[in-house]
Amino acid sequence: MNPHLAQLQPYPFARLREAMQGVDAPAGLAPVPLQIGEPKHPAPAVITDALTAALPRLDTYPQTLGLPELRQACAGFLQRRYGLTLNPDSEILPVLGSREALFSFTQVVLDGSAQPKPVVVCPNPFYQIYEGAALLAGAETAFANCHAPRFQPDWGSVPEAVWQRTRLVFVCSPHNPCGSVMQQADWAELFALQDRYGFIIAADECYSEIYFEGEAPIGCLQAAAALGRSFDKLVMFTSLSKRSNVPGLRSGFVAGDAKLLKDFLLYRTYHGSAMSLPVQMASIAAWNDEEHVLANRRLYQEKFAKVLPILAQAFEVERPDASFYVWLKAPDGDDLAFTRTLWREAAIQVLPGRFMARDTAQGNPGAGYVRIALVAPVADCVAAAEKIVEIRRRCYP
């Protein structure tokens, strides 16, 4: 067996299931699932129609590089959204969702047998794939904590000796779970560190299209271009899961450094990760259409507009920069106890922040917060917010 498997920690939702053992919800109440970031809006017809129309093409082996039309559709999205002109033949690669790509890319760019042992730096809290990918590639992990009020990674907390061994840095903007967005100055700070230490930057941007009107988050490639930088050692990962409300489609793309993507393509050719032609056709339709994205985004904006004023009656709560998460400070600072209370009192499911972060010398930056995913229908989110406020007042006087 791969000896690195023993280093993996349980996934947050597995930890949540274990932590809730023996805690029962009120009989007869339907669970309100706000703990997982799984979009629940209907899949857009423009995508499902294209998918079903292409089903006869299941009789054809797909190529790992993907159809030229798909890569061109991805390039068109980058041009419309960020004003970038990328070569669809060398700077864009379709992938089976950002999760799969983040993991496999890490295996390509790290040499776990190297000495000194390579380090992967992650924000903290973080998406657990970053850590798992690093450990299974034979690397060590280091964490840059995200604290209030901005919830940006504190790169300055990473020791010089660790930066010297760092080969890969993960960033997530908009951030999961805090909802913070890296601004141009934040990217400039990270680029300066990259120039000094030579690491690769892998930017997870799967929440980039869930934002508030007129506040589109800046992307890593866009930030680099604004500074006159090349895309050397810089790649971005995105997907249709959140943007287009099709998490089951498993479709996204990676863009950036052509040299890295050439090696990534070689790896993927052997890895067996080609996208089926019906999914490619559905993806082309998705990346070429913005109307369904606008409608999807407005639904999330409506939820925040209705939910946050309710929560503000009993909590100090801030609107995130972007994403569909509320990063809520738990009463008495005990996120796990609050999670159990919400389930026991009202069958409301949230995720303790400590399960999305690691303990460091500066503490666990997720402890004391719960992540609420506003993925349920608007009415359900409003009802849940009202109940959370009532529980806060009744159980935490």
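Analyst: At 38% relative accessibility, Leu-5 counts as partly exposed, because that value falls between the 20% and 50% limits. Please note that this is a predicted model.

User: Where does Leu-5 lie?
Analyst: Leu-5 is in the segment before helix H1, which covers residues 12–19.

User: And which residues make the nonpolar surface patch?
Analyst: Met-1, Leu-5 and Leu-8 make the patch, and its area is about 350 Å².

User: Moving on to the sheets. In what order do the seven strands of the open sheet come?
Analyst: The order is S2-S8-S7-S6-S5-S3-S4, with mixed pairing. Strand S2 (92–95) and strand S4 (140–145) stand at the edges; each has a single partner strand, so one side of each is left without a neighbour in the sheet. On average, neighbouring strands of this sheet are turned by 20° against each other, direction ignored.

User: How many bridges join S6 to S7, and do they run parallel or antiparallel?
Analyst: Strand S6 (residues 200–204) and strand S7 (residues 234–239) run parallel and are joined by four bridges. Within this pairing, Ile-201 has Leu-234 in S7 as its bridge partner.

User: Which strands does helix H7 lie across?
Analyst: Helix H7 (residues 184–197) lies across strand S5 (166–172), S6 and S7, and its direction is at about 150° to S6.

User: What about the three-strand sheet, which order does that one have?
Analyst: Its order is S9-S12-S11, an open sheet with antiparallel pairing. Strand S9 (325–329) and S11 are the edge strands, each pairing on one side only.

User: How many bridges are there between S9 and S12, and how many between S11 and S12?
Analyst: S9 and S12 pair over five bridges, while S11 and S12 pair over two. Both pairings are antiparallel. Arg-371 in S12 stands opposite Trp-327, and Leu-351 also stands opposite Arg-371.

User: Is S9 mostly covered or mostly open?
Analyst: S9 is mostly covered, with four of its five residues buried.

User: Now salt bridges. What is the total count?
Analyst: The count comes to 21 salt bridges. One of them joins the side chains of Glu-131 and Arg-358, at 2.6 Å from N to O. Glu-131 lies in helix H5 (residues 129–136) and Arg-358 in the loop between strand S11 (351–352) and strand S12 (369–373), so the pair ties together parts that are 227 residues apart in sequence.

User: Are Glu-131 and Arg-358 buried or exposed?
Analyst: Both Glu-131 and Arg-358 are buried.

User: And Lys-259, what does its side chain meet?
Analyst: The side chain of Lys-259 meets that of Asp-232 in a salt bridge, 3.3 Å from N to O. Lys-259 belongs to helix H10 (residues 258–271), whereas Asp-232 is in the loop between helix H8 (220–226) and S7, so this pair connects parts that are 27 residues apart in sequence.

User: How exposed are those two?
Analyst: Lys-259 has a relative accessible area of 56%, and because this is over 50% it counts as exposed. Asp-232 is partly exposed, at 37%.

User: Which residue forms a salt bridge with Glu-290?
Analyst: Arg-243 does, with the closest N and O atoms 3.0 Å apart. The pair links distant parts of the chain, 47 residues apart: Glu-290 is in the loop between helix H11 (277–287) and helix H12 (291–311), and Arg-243 is in helix H9 (residues 240–243).

User: Buried or exposed, in the case of Arg-243?
Analyst: Arg-243 is buried, because its relative accessibility is 2% and the limit for that class is under 20%.

Notes
Residues numbered from 1 in each chain as written. Predicted model: local features only at pLDDT ≥ 70, side-chain atom pairs only at ≥ 80, totals over all residues. Heavy atoms only, no water. Pairing = 2+ DSSP bridges. Axes fitted to C-alpha atoms, helices over the stretch in contact; angles between N-to-C directions. Contact = heavy atoms within 4.5 Å. Patch = residues over 30% accessible without salt bridge, like charges linked within 9 Å, V, L, I, M, F, W, Y side chains within 5 Å. Areas by Shrake-Rupley, 256 points an atom, 1.4 Å probe, with all protein chains shown as cover. Salt bridge = Lys/Arg side-chain N within 4 Å of Asp/Glu carboxyl O. Buried < 20%, exposed > 50% of the residue type's maximum accessible area, 1.4 Å probe, protein only.
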